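Please open the model beside this note and go through the points in order. Each one names a place to look.

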Amino acid sequence: RLNKTCSKEPNGNEIVCKDVTAETLYDVLHDTSYRKKWDTNMIDTFDIGRLTVNADVGYYSWKCPSPLKNRDFVTMRSWLPLGNDYLIINYSVKHPEYPPKKDYVRAVSLLTGYLIQSNGANCCTLYYLTQVDPRGSLPKWVVNRASQLVAPKAMKKIYKACLKYPEWKRKHEPNLKPWRYPEQNMLPCINVADLTVQRADSLENIDESSMSEEKAQHHSDDDET
């Protein structure tokens, strides 16, 4: 099943990114400063700390259509260059200093991954796989809409962001890429013993099944503008 980002089943998608190198796409997916420029669904994101030269822990929160409560994640992310290709994966963890917040529903990334495959000097393909539990009892139409729209729209946003990234990066610390150069990583070290895998059944599971599609559509239209 493709694109069901609100499902506990693994789902995938892909997009060919013309005029974008694999390296640029890799940088865009890592660069949290740039993400704040293009990810309109995001409320906040930041890196919490590092585990190794190619693994860290971070926070991400995103807007849900009213009256659904907004969701957030704490995830452990790891990455690996594979010659001309790149792999990034993450899954949810518990961090003692970042427990669930009162105004958010803590969602769970069971496994989310990006595979970037180079198709030559100036083209690449992005493969996206996600297995997410958003928690809460959601109305069927929310899951259906997410199945049809969320992943494709997100990937198109990433592609557009990639086209603008080289120019943006030239003006914003062009040489700072700690995901490429570990010596630039100034994040505090995290002891892996302080982390545990985030299990969905230990989190709040609120009932949001009464949410109306009309209100959500109005909210979504406002976001698009």
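Before we start, one term: strands here are DSSP runs of E at least two residues long, and they are numbered from the N terminus. Keep in mind that this is a predicted model.

1. Overall make-up. The protein has 4 helices and 9 strands. Read from the N terminus, its elements follow the order β-α-α-β-β-β-β-β-β-β-α-β-α. The protein has 225 residues, and 44% of them are buried.

2. A residue in β3. Start with V57, which sits in strand β3. Is V57 buried or exposed? V57 is buried, because its relative accessibility is 0% and the cut-off for buried is under 20%. Now find H95. Along the chain, V57 and H95 are 38 residues apart, yet their C-alpha atoms are separated by 8.7 Å.

3. Strand β3 covers residues 55-62, and C64 lies in the loop between β3 and β4. C64 has 10% relative accessibility, so C64 counts as buried.

4. Helix α1. This helix spans residues 22-30. How many of its residues are buried? The count is 8 of the 9, so α1 is largely enclosed by the rest of the structure. The buried ones are A22, T24, L25, Y26, D27, V28, L29 and H30. Colour these eight by name and check the helix from several sides.

5. Most residues other than glycine have a negative phi. D19 is not a glycine, and its phi is positive, near 65 degrees. Where is D19? D19 lies in the loop between β1 (11-18) and α1. D19 is exposed, because its relative accessibility is 57% and exposed means over 50%.

6. E173 is another residue to check. E173 is not a glycine, but its phi is positive, at about 50 degrees. Its place is in the loop between α3 and β9 (196-197). With a relative accessible area of 55%, E173 counts as exposed.

7. A nonpolar patch. Which residues make the nonpolar surface patch of about 290 Å²? They are L80, L82, L87 and L115. Take L87 as an example. L87 belongs to strand β5, residues 85-94. Its relative accessible area is 30%, so L87 is partly exposed.

8. The second largest pocket. Rolling a probe the size of a water molecule over the atoms shows where empty space is left. The second largest pocket holds about 360 Å³ of space. Its lining has 19 residues, and T32, D47, L176, P178 and W179 lie nearest the centre. Which elements each supply at least two residues of this lining? They are α2 (32-38), β4 (70-82) and α3 (140-170). What kinds of residue make up the lining? The lining has 7 nonpolar, 6 polar and 6 charged residues.

Methods: Residues are numbered from 1 along each chain as its sequence is written. This is a predicted model: local features need pLDDT of at least 70, side-chain atom pairs count only at pLDDT 80 or more; totals for chains, interfaces and linings use all residues. Side-chain values use heavy atoms; hydrogens and water are left out. On a 1 Å grid over the protein atoms alone, a cavity is a set of points where a 1.4 Å probe fits but cannot get out, and a pocket is an open set with protein on both sides within 12 Å along at least five of seven lines; lining residues have an atom within 4 Å of a point. Grid points are joined across faces, edges and corners, and a volume is the space filled by probe spheres set on the points. Ala, Val, Leu, Ile, Met, Phe, Trp, Tyr, Cys and Pro count as nonpolar, Asp, Glu, Lys and Arg as charged, and the others, Gly among them, as polar. Patches are made of residues with over 30% relative accessible area and no salt bridge: like charges are joined within 9 Å, nonpolar side chains (Val, Leu, Ile, Met, Phe, Trp, Tyr) within 5 Å. Accessible areas come from the Shrake-Rupley method with a 1.4 Å probe; for residues, only the protein chains shown count as cover. A salt bridge is a side-chain nitrogen of Lys or Arg within 4 Å of a carboxyl oxygen of Asp or Glu. Buried means under 20% relative accessible area, exposed over 50%, partly exposed in between (1.4 Å probe, protein chains only).
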